[in-house]
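User: I'd like to learn how to read a structure like this one. Can we take it feature by feature?

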Amino acid sequence: MNNSEVINLQQIIKTYDMGGAEEVHALRGVSIQIRKNEYVAIMGPSGSGKSTLMNIIGCLDTPTSGLYEFNSVNVSEMNDNQLAKVRNKEIGFVFQTFNLLARSDALHNVELPLIYGGVTSADRKRRAREALEHVGLGDRIHHKPNELSGGQRQRVAIARALVNQPSILLADEPTGNLDSKTGDEIMQLFEELHRQGNTIILVTHEEYIAEHAHRIVRIRDGMIESDQTINKRTPALADQGR
Amino acid sequence: MYFLFEVKEGLYIAFRAIKANKMRSVLTTLGIVIGIVSVTMMATAIEGVTRAFEKSASAFGSKVLYIQKFPWVGGDDWWRYRNRKELKAEFAKYIAEHASLVDAVAPDVTTFKDVRYGTRSMLNAWITGTTHEYQEASGTTIKDGRFFSQEESDGGRPVCCIGANVAETIFPSVDPIGQTVKVGGYPYKVLAVFEKQGGLFGEFTSDNRVFIPIRSFMSQFGSHHDVTLNVRVAKDVDIDNAKEELRGIMRKLRRLRPAQEDDFNINEQELLTQVFGAVTGVIAAVGFFITGLSLFVGGIGIMNIMYVSVTERTKEIGIRKAIGARRRTILFQFLVESALICLLGGIIGLMVSYPLSLIADQILPTAMPVSVVILALFVSLLVGVVSGFLPAYRASKLDPVEALRYE
């Protein structure tokens, strides 16, 4: 475990109590390490536990047991407010359904993480504008989501995810609501962001989307089924946590 | 700094939400508007009644004491007062000679008689027999003419001074001064007309009265009537000291032993004010409770709509939480929204009730006190915060994972 590890999950277990004696074991001991500037795809069929894993990595949820270190800080026992701060500063979310605020224009949507981060107004506007320019939407900043195409909406969401310069970009089926051409454009944007040094975690069930990543982690029945690095083969990380 | 961002963002979101649901916001606000209108109108009405009372009570003069057989208030033992000895008109002279703290003393006796002039008449007008000192003692002002002199008073001359309403009734088009009216069948020459006093105690003011010399009164209408002694307290003399002095003189006149109770009462305007204060206090309490209920109902409306708003925006709350909004931020956002709706309701309510108070002013002179305006705004803000709290708290406690999944 060296310092460049952004995410370190050790024996993560997540159990949902469905009332009564019934329990659902969503994760049954997942261990995984993700280093800075990795491009990882997490794959698995529905019900495999990949959404639960994503929620835990994204600090939206806490594990029932196990250790989760984010940038060497233990987040598995943080309270709601501390988690909110980690989400705000360190994690950029990109969702399948974009999840933009419908009544706000692109600029305000991108500004939102900065507002919650306590950045002053002038600084906020400048940074939000830069982030939108970075994803190629410099001329659309005052458009509302319903005035933008699907691809453009997802770019706004990516700009919002990047604006606080987070440690990881967490994308959940980012092309799921897009046609294949627009989906490809978004995937190219991710590759470019990866080249620029961002750490990207992609959650998907589409094989061809996962192939864009440089490492694929497959989940089944709440456990890691396989963990393979493609292109750059680094055997040290392969098959770990099995 | 962070807090300021939250306020600004909260207001921004609130305005957006209100704009997006115009009809709903209007209907919800209506509850608060009605509540604020009824509460402020209640306050304005009470203010009007109080003012009218103060104006009316001033007709009695704050520096006039009335020595009478019956007390004005608290007369719970009627028989005891009934059996007291009558006061005598002659006491006035004795008091005037022996009291050092009073300026003037005038006795008065009263009965009801018809007053006629030609074909016009006022039935059952209040006829008061008194002396030339009455005007000074009671502090009434004459509009036109002069009060009767000591000679006219002592000589029991057929002269009279009439109240404003009497003049209006029987002399609609003729100048009353110098005319002769029939009081209970006897002719009297009108010397003066009084200034109109108005107010709630019309019967007791000079407006409906005809004043004649007490000697004429006694010889024509009998001497068995209750006498009231009107005493004007001297300037710069404390009214309680004057009262004490009068009491001493009266007890001496009545030859009361130290152990005996007073067999007379010294009344003053202050007594009425106290009773009235207690009455308005009760009216205000009941009135504000009832009108407060409408505000309460308005508050429930706000709470209901805020619950709807929170449920509708579950997804939005999830998004905000995912990108770093804390519980407190979400709580605050919804509190600002409900407070803003209520504050707008309060402002609209005041804009409605202010013109209404101007209309009310035509009937009962009143004005909306500034304190009521400030209080109304504060109360509407408070209603917003209180009724918005539970929905906002529920929003703040939403689980981000669940909220994001909500469609």
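User: How many helices and strands does chain A have?

Analyst: Helices (H or I, at least four residues) and strands (E, at least two) are DSSP runs, numbered from the N terminus. Chain A has seven helices and ten strands. This is a predicted model: local features need pLDDT of at least 70, side-chain atom pairs need 80 or more, and totals for chains, interfaces and linings use all residues. Residues are numbered from 1 along each chain as its sequence is written, and chains are lettered from A and ligands numbered from 1 in the order written.

User: What does the radius of gyration say about chain A?

Analyst: The radius is taken over C-alpha atoms, and the globule rule is 2.2 Å times the number of residues to the power 0.38. For 242 residues, a compact globule would be near 18 Å; chain A has 18 Å, which agrees.

User: Which parts of chain A touch chain B?

Analyst: Contact means C-beta atoms, placed from the backbone, within 7 Å. The contact takes 20 residues from chain A and 18 residues from chain B. Helix H2 (80-90) and helix H3 (106-116) of chain A each supply at least two residues of chain A's side. H2(A) gives the largest share, six residues.

User: How do H2(B) and H13(B) run relative to each other?

Analyst: Axes are lines fitted to C-alpha atoms, for helices over the stretch in contact, with angles from 0 to 180 degrees between N-to-C directions. Helix H2 (residues 22-57) and helix H13 (residues 370-396) of chain B come within 11 Å and cross at roughly 150 degrees. Angles over 145 degrees count as roughly antiparallel, so H2(B) and H13(B) are roughly antiparallel.

Note on methods
Contact = placed C-beta atoms within 7 Å. Parallel < 35°, antiparallel > 145°, perpendicular 65-115°, else oblique.
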